[in-house]
Amino acid sequence: MPRTPHASPQTLRLFEALMKEPTTWRYGYDLGRETGLASGTLYPILMRLTEQSLLEAAWEPSDQPGRPPRHTYRLTGDGVALAKVRLADAAAKAARHTTATAKIVRPA
């Protein structure tokens, strides 16, 4: 069975965080803290979603002299639509799993 794109647990955690305020620009560092994803996992996902036009990325200049600019991210319209679908699919799958498990371990 082929893998559904953009449905990994890590990507779903990122979508969940971004969907809290989909039009707000977010720093990768803050997204990493919120999702618990390590930078080696988070940034490849951010780059992939940006390349696929599901995220917008922009450089924000530092407000402190000598500090480098920071990358910020936010969902595009297509990204919001896909995130809604993937999160709804994951919730439905979790509900089916919970229902199936409840039937198996029914108290006597």
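This is a predicted model: local features need pLDDT of at least 70, side-chain atom pairs count only at pLDDT 80 or more; totals for chains, interfaces and linings use all residues.
**Core.** I looked up the largest nonpolar core and found that it has 18 residues, with Leu 14, Leu 31, Leu 46, Leu 49, Leu 55 and Leu 75 making the most contacts inside it. I then asked which elements supply it, and those giving two or more residues are helix H1 (9-19), helix H3 (39-51), strand S3 (70-75) and helix H4 (77-104). Helix H1 gives the most, with five residues. I noted for context that nonpolar side chains tend to be buried together in soluble globular proteins.

**Arg 26.** I next turned to Arg 26, which is found in strand S1 (residues 26-27), and which counts as buried because its relative accessibility is 15%, against a cut-off of under 20%. Its side chain makes a polar contact of 2.4 Å with the side chain of Glu 34, and a polar atom of that arginine side chain lies 3.2 Å from the backbone oxygen of Ala 17. Beyond four places in sequence, Arg 26 touches Ala 17, Leu 18, Leu 31, Glu 34, His 71, Thr 72 and Tyr 73.

**Surface.** Tyr 29 is found in helix H2 (residues 28-35), and I recorded it as exposed because its relative accessible area is 54%, the cut-off being over 50%.

Note on methods: Residues are numbered from 1 along each chain as its sequence is written. Side-chain values use heavy atoms; hydrogens and water are left out. A nonpolar core is a set of buried Ala, Val, Leu, Ile, Met, Phe, Trp, Tyr and Cys residues joined through side-chain atoms within 4.5 Å. Buried means under 20% relative accessible area, exposed over 50%, partly exposed in between (1.4 Å probe, protein chains only). Helices (H or I, at least four residues) and strands (E, at least two) are DSSP runs, numbered from the N terminus. A polar contact is a pair of N or O atoms within 3.5 Å; within protein, one must be able to donate a hydrogen and the other to accept it, and residues adjacent in sequence count only if both atoms are side-chain atoms. Contact means heavy atoms within 4.5 Å.
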